[in-house]
Amino acid sequence: PLFDMECQQGKDKQVVMTAKLCKGGLRGKWYQRNETIMADIKSGENGRECQKGDKYDFKQEGDTYTLTINNPVLEDDGTYILLVKEVDAKTSGYLTVKHRDPEYWFVRPLKEQELGYTNRPYSMSVEISEPGVNLKWLKNGAIINWAEVSCIKKDEGCISSIYFPNCVEDDTSYYSATILEYVKNGEVDQTNCWFQVDEYPHTFTSKLKAVNCVEKDTVEFNIDTEASDAEVTWYLGTKKNCS
């Protein structure tokens, strides 16, 4: 008879089910039966007949019947039936297909270098192959204690990021993201980035206008910058005047 079997997606390349009949030389048919198949109105009492091809291969040698299931996946889970109508013989076994072991890798790693500016927000992120991975962020090789830093860790689906609400020059450092679970063969478990924070390059958006006056008049000069936090220093000739 057939026996219940178990395999794992992504690990087992083939499953071979074998049964022997008391009499040889009779034609048998293989069927798969599970909830999905039986919900199809085209399915018969025994389910769906297995067809020879990339998924199934079967052969008969005398009284021995063999079904090979190639590259089993979750959809292959179910009861497999061998039916020999000529002698009204029927045997079945249940194949349990377990979920594959998770394999993680960086779909989008960190850039080698990134540049931020003081008093400006910035975000760096990685994309992982699957959500839910145990991933740690490091600063200069040490795991970041989020209670002690100004940046914030954000996870959404396969994206993990750190967000700097207002960059300061002390945020300049070497940052890394490390996967602490099984990493797919040939892939790296860590990605690194040098994050440089520079002073924001403020610019003037207007020009000083010439003013005519007489001695003891009060004169006012105005200049515009692209941002309100720009620090402007005033000079009279080459001498620093006021700020």
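**Group meeting: salt bridges, strands and a surface patch**

Okay, let's start with Asp57, which is partly exposed, with a relative accessible area of 38%. Keep in mind that this is a predicted model. What does Asp57 meet in a salt bridge? That would be the side chain of Lys52, at 3.8 Å from N to O. Lys52 counts as exposed, because its relative accessibility is 54% and the cut-off for exposed is over 50%.

That pair is one of 6 salt bridges in the count. Here's another one: Lys98 with Glu6, where the closest N and O atoms are 3.5 Å apart. Lys98 sits in strand E8, residues 89–98, and Glu6 in strand E1, residues 5–8, so this pair ties together parts that are 92 residues apart in sequence. On the solvent side of things, Glu6 is exposed at 55% relative accessibility, while Lys98 is partly exposed at 39%.

Next up, Asp229 and Arg120, whose side chains form a salt bridge at 2.8 Å, N to O. Both are in loops: Asp229 between E17 and E18, Arg120 between E10 and strand E11 (122–128), so the contact links parts 109 residues apart in sequence. Buried or exposed, what is Arg120? Arg120 is buried, with a relative accessible area of 18%, because the cut-off for buried is under 20%.

Now, the strands. There's an open sheet of 5 strands, in the order E10-E17-E16-E12-E13, and the pairing is mixed. Strand E10 (113–117) and strand E13 (142–143) are the edges, each pairing on one side only. Further in, E16 (residues 173–179) and E17 (residues 190–198) run antiparallel and are joined by 6 bridges.

Then have a look at the hairpin. Strand E14, residues 152–156, pairs antiparallel with strand E15, residues 159–164, over 5 bridges. Ile152 has Tyr163 in E15 as its bridge partner. How many residues lie between E14 and E15? There are 2, and Gly157 in the turn has a positive phi of about 65°.

Last stop, the surface. Leu208, Val211, Val219 and Phe221 make a nonpolar patch of about 330 Å². Phe221 is in the loop between E17 and strand E18 (234–236), and is partly exposed, with a relative accessible area of 42%. Okay, over to you all.

Technical notes: Residues numbered from 1 in each chain as written. Predicted model: local features only at pLDDT ≥ 70, side-chain atom pairs only at ≥ 80, totals over all residues. Heavy atoms only, no water. Pairing = 2+ DSSP bridges. Helix = DSSP H or I, 4+ residues; strand = E, 2+ residues; numbered from the N terminus. Patch = residues over 30% accessible without salt bridge, like charges linked within 9 Å, V, L, I, M, F, W, Y side chains within 5 Å. Areas by Shrake-Rupley, 256 points an atom, 1.4 Å probe, with all protein chains shown as cover. Salt bridge = Lys/Arg side-chain N within 4 Å of Asp/Glu carboxyl O. Buried < 20%, exposed > 50% of the residue type's maximum accessible area, 1.4 Å probe, protein only.
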